[in-house]
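Reader: I am new to this structure. Please take one part and look at it closely, then link it to the rest.

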Amino acid sequence: MEFIKVKTYAELSKRAADIILGQIRRKPDSVLGLATGSTPIGTYEELIRAYDDGRADFSKVRTVNLDEYCGLSEKDEQSYRCFMNTYLFDHINIDKANTNVPNGMAADPEEECRRYDAVISSAGGIDLQLLGIGVNGHIGFNEPSDKFTEGTHIVTLDERTRNSNSRFFKSLDEVPRKAVTVGIGTIMSSGKILLLANGESKKAIVEKAIYGEITPRVPASILQKHGDLTVIFSEE
């Protein structure tokens, strides 16, 4: 594991983008596992800047997002498909046919989980997985539980997660209660994992996840067992 501590969010974003760009240069058709939320936005801005400057080519890159809210269509501005288009895909030369986000409107959610696992498998797995971390230690929407879940599954969102994410909605009542999320097993199968955490509010959970007991009550703690994990933490 490599732990990188930086002073500012801007530095975190630049360091993370450089790692992702290095992966794409080594393997132009890389499969990137992508995350949403506030933390990776700066990283995506750096990737767009690299593309605009002619330092990056995303034409062969394939992506799989970690999760999506159940009940939100891809046109809903709070959906993670909309998020990815707004903050990254609309601004680089990626083929959107090569970008994947779970379908939160699937008529059969369990079948959607199986379909999404098949998408990842057919792509050859994830080369580099970008992660944030929730205040309760969740990665993707893998919430604290009694066991680590292998594949894509439907999860009932922890109330702390809903409260945290309510800042993106008009009210807490609008925050969905369920989501589709890639499982811990799939995340751990990634070639490289890049975990980003920003600010004092994440300091305690990062320390618990990276240096504490490995337990499904702190889902991110399993990352200690990964052979190629980089953690970037910003104090800002």
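Author: S122 sits in helix α4, residues 109-122. Helices here are DSSP runs of H or I with at least four residues, strands are runs of E with at least two, and both are numbered from the N terminus. The model is predicted: local features need pLDDT of at least 70, side-chain atom pairs count only at pLDDT 80 or more, and totals for chains, interfaces and linings use all residues. Residues are numbered from 1 along each chain as its sequence is written, and side-chain values use heavy atoms, without hydrogens and water.

S122 is exposed, with a relative accessible area of 63%. Exposed means over 50%, buried under 20%, and partly exposed in between (1.4 Å probe, protein chains only). A polar atom of the S122 side chain lies 2.9 Å from the backbone oxygen of V119. What separates S122 from I24? Their C-alpha atoms are 19 Å apart, and the two residues are 98 places apart along the chain.

The largest nonpolar core has 39 residues. Such a core is a set of buried Ala, Val, Leu, Ile, Met, Phe, Trp, Tyr and Cys residues joined through side-chain atoms within 4.5 Å. Among those with the most contacts inside this core are I20, F58 and I232. Helix α1 gives the largest share, six residues. A second, separate core of 29 residues includes Y116, I120, L195 and L223.

Last, the sheet. Seven strands form an open, parallel sheet in the order β1-β10-β9-β6-β2-β3-β5. Two strands pair if DSSP finds at least two bridges between them. The edge strands are β1 and β5.

Methods
Polar contact = N/O pair within 3.5 Å; in protein donor to acceptor, adjacent residues only side chain to side chain.
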